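Keep the sequence and the 3D view open as you read.

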Amino acid sequence: MTYVIAQPCVDVTDRACVDECPVDCIYEGRRSLYIHPDECVDCGACEPVCPVEAIFYEDDLPGEWAPYLADNAAFFSAPLPGRESGLGSPGGAAGLGPLGVDTPLVADLPPQNAAEGAG
């Protein structure tokens with residue numbers, strides 16, 4: 001089981017969850033953040049600090065955002081633009097910094113308006 005970051009995070013610049021994560025498993029794409037499913041220890045520290053309520057426990061992910069479960073995992077396992085292979089499990093986000101790419105699901109979204117609470 002893991003936590004998942006869904007659509008409300010897209011285009012949000014707040015990184016409170018990154019600061020709160022004790023195991024450094026939240027990675028930064030170009031437009032969204034992604035939780036590494038193998039590195040997450042299910043502590044839940046990230047969920048209450050998210051200003052747009054985009055973080056959900058896997059079993060509590062609303063149906064409308066169900067695709068984000070596989071999407072978060074794909075960020076680490078699938079080749080993305082500019083990367084020939086998946087990121088794998090680097091063992092922490094801090095050493096990598098922003099990765100500058102997103103999964104197709106996120107990259108193909110229109111710009112989100114934070115004022116509407118949608119990221």
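The points below cover salt bridges first, then a residue in a helix.

This is a predicted model, where local features need pLDDT of at least 70, side-chain atom pairs count only at pLDDT 80 or more, and totals for chains, interfaces and linings use all residues. Residues are numbered from 1 along each chain as its sequence is written, and side-chain values use heavy atoms, leaving out hydrogens and water.

**Salt bridges**

- Side chains of opposite charge can pair when their charged atoms come close.
- The structure holds 2 salt bridges (a side-chain nitrogen of Lys or Arg within 4 Å of a carboxyl oxygen of Asp or Glu).
- Asp 11 pairs with Arg 31, with the closest N and O atoms 2.8 Å apart.
- Asp 11 sits in the loop between β1 (3–5) and α1 (16–20), and Arg 31 in the loop between β2 (26–28) and β3 (33–35), so the pair ties together parts 20 residues apart in sequence.
- Helices (H or I, at least four residues) and strands (E, at least two) are DSSP runs, numbered from the N terminus.
- Arg 31 is buried, at 8% relative accessible area, while Asp 11 is partly exposed, at 28%.
- Buried means under 20% relative accessible area, exposed over 50%, and partly exposed in between (1.4 Å probe, protein chains only).
- Glu 28 and Arg 15 form a salt bridge at 3.2 Å, N to O.

**Asn 72**

- Asn 72 lies in helix α2 (residues 67–77).
- Asn 72 is buried, at 3% relative accessibility.
- Its side chain reaches the backbone nitrogen of Ile 35 at 3.0 Å.

Note on methods. A polar contact is a pair of N or O atoms within 3.5 Å; within protein, one must be able to donate a hydrogen and the other to accept it, and residues adjacent in sequence count only if both atoms are side-chain atoms.
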